[in-house]
Amino acid sequence: MEKTRPSAALRVLHVITGIDRGGAENHLCDLVRHQRAQGLGVTVAYLRGHSYWAAALRGFGAEVHHLGLRFYGDLRPLVKLRRVIGSGHFDLVHAHLPPAELYARLALLGIGAPALPLLITKHNEERFAEVPGQRFLGRWVGRRAARVIAISEAVRRYMSGRGLGLDAAKFQTIYYGVDEAPFGGVPAGDVAALRRAWGVADDEVAVGFVGRLVPQKDIGTLLRGFALFAGRCPQTRLIIVGAGPLDGVLRHRAEALGIARHVVWAGFREDIAAVMRAFDVFALTSVYEGLGLVLLEAMAARRPVVATRVGAIPEVVAEGETGLLVGPGEPEALAAAFGKLSDGALRARFGEAGRLRVLREFTLEGMFQATDEMYAQSVRRPISRSPAS
């Protein structure tokens, strides 16, 4: 039987604030890789940053445009974005993160929603902007969207409630996904080499953090909680993997707490699968969190989690099953949780349960399928698939 020839493949424009490393940016890279493999035409336009993912995105076959934002309110990126839209024959615009949402919305002025639908992914439960009238501005942008993806139920509740008050019917929750395979395939020698480089002895418990050194992550509380734990259990190390504006401040804080010799400042690293496997416990002390992709990575690596009970974290970490949750800003509770996870058998049980939870609830395949379905609903036709060029 002769196969039906597919119609022209869907053409998608992603607009995002930046393409450096981060949860939203890493998610976009996964999404673009999948969409190109499905034969979709994909263009990525980003406002600012150091272009970390640009080569990878182009390697997947996506067009990439740096819009050259110098300051918020700069009109030059808007002009460039309108040119990209005008020349791209797109079927859908997909915006990520509030600054990019606003520029996408402005660029679509004069183009009706039926002609070019806008889809928005909300990656965090945060204010739209730190400006007067931010809620009105966010609502104006959101009303143009055909559909809104929330990466967690916490984000959906916030954005349809006190955050922006957007129409709840527009929302669909689609969790981030993670590929579990790389985290299970790290050679034991690589893990042992990392622990040696960090000075972690065989009988020591390595508590690890991966992320940006920014106020949201509240690493000061992590340091205080770890200091209490180290005072009770000296055979331990805290490994801080990441970079950010608070680096110097946090190093001074560790000195003041008397734990400098217990803390390893590992800086930015690419080998996250090996890093997660080299930890014994993963810690995240954020004051808010839209989902926390690093939590999924830690769980995929069979590592128990200690995290704050904020935002979407309780949706990811099953209390008493895959990890332990504490209140934000509570170093004593944090130290007690670390103490409980000094038990190797408990760590192993939580770690395996975390891996199974990822395989059950947070797969890339599930994320891709749900997003494909939303695209089809937004453009009101099936997503045509043809071999990626």
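**Rings, sheet and helices**

Tutor: Let's begin with two residues: F279 is buried, and F282 is buried too. Keep in mind that this is a predicted model.

Student: OK, how are the rings of F279 and F282 arranged, stacked or edge-to-face?
Tutor: Their centres are 6.4 Å apart and their planes sit at 25 degrees, so the pair is stacked.

Student: How many aromatic pairs does the structure hold?
Tutor: It holds 7 aromatic pairs. Take F226 and F229: the ring centres are 6.4 Å apart and the planes make 65 degrees, so that pair is edge-to-face.

Student: Where do F226 and F229 lie?
Tutor: Both are in helix α9, residues 219-232. They're 3 residues apart, which is about one turn of the helix.

Student: And are those two buried or exposed?
Tutor: F226 and F229 are both buried.

Student: Which residues form an aromatic cluster?
Tutor: Y52, W53 and F268 form one.

Student: What sits over the ring of W140?
Tutor: That's the charged end of R105, 4.3 Å from the ring's centre.

Student: Switching topic: what's the strand order in the sheet?
Tutor: It goes β3-β2-β1-β4-β5-β6-β7, so to speak from one side to the other. These 7 strands make an open sheet with parallel pairing.

Student: Which strands are at the edges?
Tutor: β3 (63-66) and β7 (171-173), each pairing on one side only. From one strand to the next, the twist averages 20 degrees.

Student: How many bridges join β4 to β5?
Tutor: There are 4, linking residues 92-96 of β4 with residues 118-122 of β5, and the two strands run parallel.

Student: Which strands does helix α3 touch?
Tutor: Helix α3, residues 76-88, packs on the sheet and touches β1 (11-16), β2 (41-46) and β3. Its direction makes about 170 degrees with that of β1.

Student: What comes just after α12?
Tutor: Look at R302 there: it takes a positive phi of about 65 degrees.

Conventions: Residues numbered from 1 in each chain as written. Predicted model: local features only at pLDDT ≥ 70, side-chain atom pairs only at ≥ 80, totals over all residues. Heavy atoms only, no water. Axes fitted to C-alpha atoms, helices over the stretch in contact; angles between N-to-C directions. Contact = heavy atoms within 4.5 Å. Phe/Tyr/Trp six-rings, centres within 6.5 Å; stacked < 30°, edge-to-face > 60°. Buried < 20%, exposed > 50% of the residue type's maximum accessible area, 1.4 Å probe, protein only. Lys NZ or Arg CZ within 6 Å of the ring centre and 35° of its normal.
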